[in-house]
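Have the sequence and the coordinates open.

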Amino acid sequence: MQQTNIHDVKIDPRNLGILISVNGELVPRAQAMISVFDSGFILGDGVWEGLRMVKGGVPFLREHIERLYEGAKAIFMDIGLRPDDLVKRLFDCLDANHMNDGVHIRLMVTRGVKATPYQDPRVTISAPTIVIIPEYKTPNPEKSAKGLTLHTVNVRRGYPDVQDQKLNSHSKLNCITACIQAANAGADEALMLDPHGFVATCNSTHFFIVRRGELWTSTGQYCIPGITRGNMIRLAKDIGVPVFEKHFSLYDVYGADEAFVTGTFAGLIPVREIDGRPVRHPLSTDEWSGAGPVSQRLSAAYKELCAKDSRRHL
């Protein structure tokens, strides 16, 4: 079966002519650039958000902007714009591109330009760098139909006193090395463990399993506070599925009835195989035939919620 990945999308020619917002200036894609002295380029010093545009608005806009500002506060970085002003800049960029739906947005804020390549924030000599990249980008439906394969890697989600995994920072090297290891194993996404050996999350998505009618996910202590993750938990409770945020091991994963990952870009994507083991009830010998019943109900409910919550203001 052909390998896929979370952002396995067809290149949309419309993206070649998009305008990108660089510090409030709308610049053609081919001309959009930042300084080689920028903190994000030199050190990965910054925070970011991935957002989607649905029917003219952005679902869960307030939650995304709040997470961005909370991350900036955690690293002692002043974004330099009020939240409402940043939202206005976001939609100015989208409107300038005449975008309305089927758009994925990367909103990035770094500490700014430095006088010299050095980590100390006190050598920063500019305001924060704020870049907004909107692209026509939708998930490949074949990905959900075929399901993803996961590979458990030896790269761990570390303790918060080393680098807090709740921080959605530009410093993603541990996730990148996990992704590389999974790709080298022929898998689509890496399954990552916490420092104690329990299941934490994936390298770019959140991980869930369904066991005997119950929905399980990690405690959330070793992953970013996922907005889609939180919505899935609430939706499961709404439809009467028992939900547990808990420690669990690979033994529990291998015996799960269903598994899926979640993220802003693709919503819910089913998983068909983990470490070479098919995702199915341990007493079953059936071939994987698509998302299970709980996954299907949650996916449908999430799509409805996205359309309902899409907004243009905080």
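Q: Does C179 count as buried, partly exposed or exposed?
A: This is a predicted model, and the class follows from computed accessibility. Buried means under 20% relative accessible area, and exposed means over 50%. C179 has 34% relative accessibility, so C179 counts as partly exposed.

Q: Is C175 buried or exposed?
A: The cut-off for buried is under 20% relative accessible area. C175 has a relative accessible area of 6%, so C175 is buried.

Q: How many disulfides does the structure hold?
A: A disulfide needs two cysteine sulfur atoms within 2.5 Å. The cysteine sulfur closest to that of C175 is in C179, 9.1 Å away, which is too far for a bond. C179 is in no disulfide either, with the sulfur of C175 as its nearest cysteine sulfur. The number of disulfides is 0.

Q: Which class describes how α7 lies relative to α9: roughly parallel, roughly antiparallel, roughly perpendicular or oblique?
A: Helix α7 spans residues 227–238, and helix α9 spans residues 293–309. Their axes are 10 Å apart, and the packing angle is about 115°. Angles of 65 to 115 degrees count as roughly perpendicular. Therefore α7 is, relative to α9, roughly perpendicular.

Q: What is the handedness of the crossing where α7 passes α9?
A: On the α7 side, the contact involves T228, N231, M232, L235 and A236. On the α9 side, the residues are L298, A301, Y302 and L305. By class, this contact has 7 nonpolar, 2 polar and no charged residues. The crossing of α7 past α9 is right-handed.

Q: Is R229 buried or exposed?
A: R229 sits in helix α7. Beyond four places in sequence, R229 touches H206, F208, T217, S218, T219, G220, C223, E245 and T262. The relative accessible area of R229 is 8%, so R229 is buried.

Q: Which class describes how α2 lies relative to α3: roughly parallel, roughly antiparallel, roughly perpendicular or oblique?
A: Helix α2 (residues 61–74) and helix α3 (residues 83–96) have axes 11 Å apart. They pack at an angle of about 120°. The roughly perpendicular class covers 65 to 115 degrees, and roughly antiparallel needs over 145. Therefore α2 is, relative to α3, oblique.

Q: How many nonpolar residues are in the contact of α2 with α3?
A: α2 passes α3 in a right-handed crossing. From α2 come L61, I65, L68 and Y69, and from α3 come P83, L86, V87, L90 and F91. The contact has no polar and no charged residues, and the nonpolar count is 9.

Q: How far apart are the C-alpha atoms of T129 and N100?
A: T129 lies in strand β5, residues 129–136. With a relative accessible area of 6%, T129 is buried. Its contacts beyond four places in sequence are N23, I34, D38, M108, V109, T110 and G112. N100 is 29 residues from T129 along the chain, and the C-alpha separation is 26 Å.

Q: Is I130 buried or exposed?
A: I130 is in strand β5. Outside four places in sequence, I130 touches S21, V22, N23, I79, L81, L86, R89, L107, M108 and V109. Its relative accessibility is 3%, so I130 counts as buried.

Conventions:
Residues numbered from 1 in each chain as written. Predicted model: local features only at pLDDT ≥ 70, side-chain atom pairs only at ≥ 80, totals over all residues. Heavy atoms only, no water. Axes fitted to C-alpha atoms, helices over the stretch in contact; angles between N-to-C directions. Helix = DSSP H or I, 4+ residues; strand = E, 2+ residues; numbered from the N terminus. Parallel < 35°, antiparallel > 145°, perpendicular 65-115°, else oblique. Left-handed = near helix turned anticlockwise from the far one by under 90°. Contact = heavy atoms within 4.5 Å. Nonpolar A, V, L, I, M, F, W, Y, C, P; charged D, E, K, R; others polar. Buried < 20%, exposed > 50% of the residue type's maximum accessible area, 1.4 Å probe, protein only.
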